[in-house]
Amino acid sequence: MITRVFDARLLYQTQDVGEKFRRAIADRPHISPTTADGAVASVNHNRWIVLCSCGSGCAVDLILHRAWCFECGTIYDGIEVPHDAAAIEALLVKRPKLENRNWIPGESLDQLEDENRQNGVV
Ligand SMILES: [Zn+2]
């Protein structure tokens with residue numbers, strides 16, 4: 001059973017996701033990187049993400065508070081990550097199916113615990 005919620009570093013298995021991004025878009029000259037801020041992290045299917053304006057989900061680096069859209073080249077800086085991210089993860093990883101590990105901003109720990117209880121997750 002997977003016991004962590006993936007951030008960009010875990011998902012891409014590197015400590016330098018920015019370098020992976022630069023190599024990826026170097027092969028795609030039609031993409032010119034742009035930056036954006038004001039994004040808010042959420043958890044979707046066991047991954048910390050932000051939703052890009054292109055519609056893609058971008059994995060968040062929880063240390064840098066940054067995400068890279070490998071589809072359109074947008075780099076999100078200053079991502080808002082909840083102060084209780086570790087507690088959110090602890091409740092989500094109790095859920096056996098990755099597709100049920102979701103959290104949206106504003107959803108409380110009590111709500112996650114209630115959902116767990118209602119679905120027999122203890
Ligand atoms: Zn994008």
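The legends below describe close-up views of a predicted model.

**View 1. An edge-to-face pair of phenylalanine rings, F21 and F70.** A pair of aromatic rings is described by the distance of the centres and the angle of the planes. Three aromatic pairs are found when the whole structure is searched, and in the one formed by F21 and F70 the centres lie 5.5 Å apart, with 90° between the planes. This pair links distant parts of the chain, since F21 belongs to helix 2 (residues 17–26) whereas F70 sits in the loop between strand 5 (66–68) and strand 6 (74–77), 49 residues apart. F21 counts as buried because its relative accessibility, 2%, is under 20%, and F70 is likewise buried, with a relative accessible area of 17%.

**View 2. The aromatic cluster of Y12, F21 and F70.** Ring pairs join these three residues, Y12, F21 and F70, into a cluster.

**View 3. The largest nonpolar core, with W48, V50, Y76 and I79 having the most contacts inside it.** In soluble globular proteins, nonpolar side chains tend to be buried together. In this model the largest such core has 21 residues. Strand 3 (47–51), strand 4 (57–61) and helix 3 (85–92) each supply at least two residues of this core, and helix 3 gives the most, with four residues.

**View 4. The surroundings of I79, one of the residues with the most contacts inside the largest core.** When residues up to four places away in sequence are not counted, I79 touches A39, V40, A41, V50, V60, H65, R66 and A67. Of these contacts, V50 is itself named with I79 among the residues that have the most contacts inside the core.

**View 5. The cysteines C69, which is buried, and C72, which is partly exposed.** A disulfide is a covalent bond between the sulfur atoms of two cysteines. The structure holds zero disulfides. C69 has a relative accessible area of 0% and is therefore buried, whereas C72, at 26% relative accessibility, counts as partly exposed.

**View 6. T35, an exposed residue in strand 1.** T35 is found in strand 1, which covers residues 34–37, and the residue counts as exposed because its relative accessibility of 61% is over 50%. From T35 to R117 the C-alpha to C-alpha distance in space is 40 Å, and the two residues are 82 residues apart in sequence.

Notes. Residues are numbered from 1 along each chain as its sequence is written. This is a predicted model: local features need pLDDT of at least 70, side-chain atom pairs count only at pLDDT 80 or more; totals for chains, interfaces and linings use all residues. Side-chain values use heavy atoms; hydrogens and water are left out. Rings of Phe, Tyr and Trp (its six-membered ring) pair if their centres lie within 6.5 Å; planes under 30 degrees apart count as stacked, over 60 as edge-to-face and the rest as tilted. Buried means under 20% relative accessible area, exposed over 50%, partly exposed in between (1.4 Å probe, protein chains only). A disulfide is a pair of cysteine sulfur atoms within 2.5 Å. A nonpolar core is a set of buried Ala, Val, Leu, Ile, Met, Phe, Trp, Tyr and Cys residues joined through side-chain atoms within 4.5 Å. Contact means heavy atoms within 4.5 Å.
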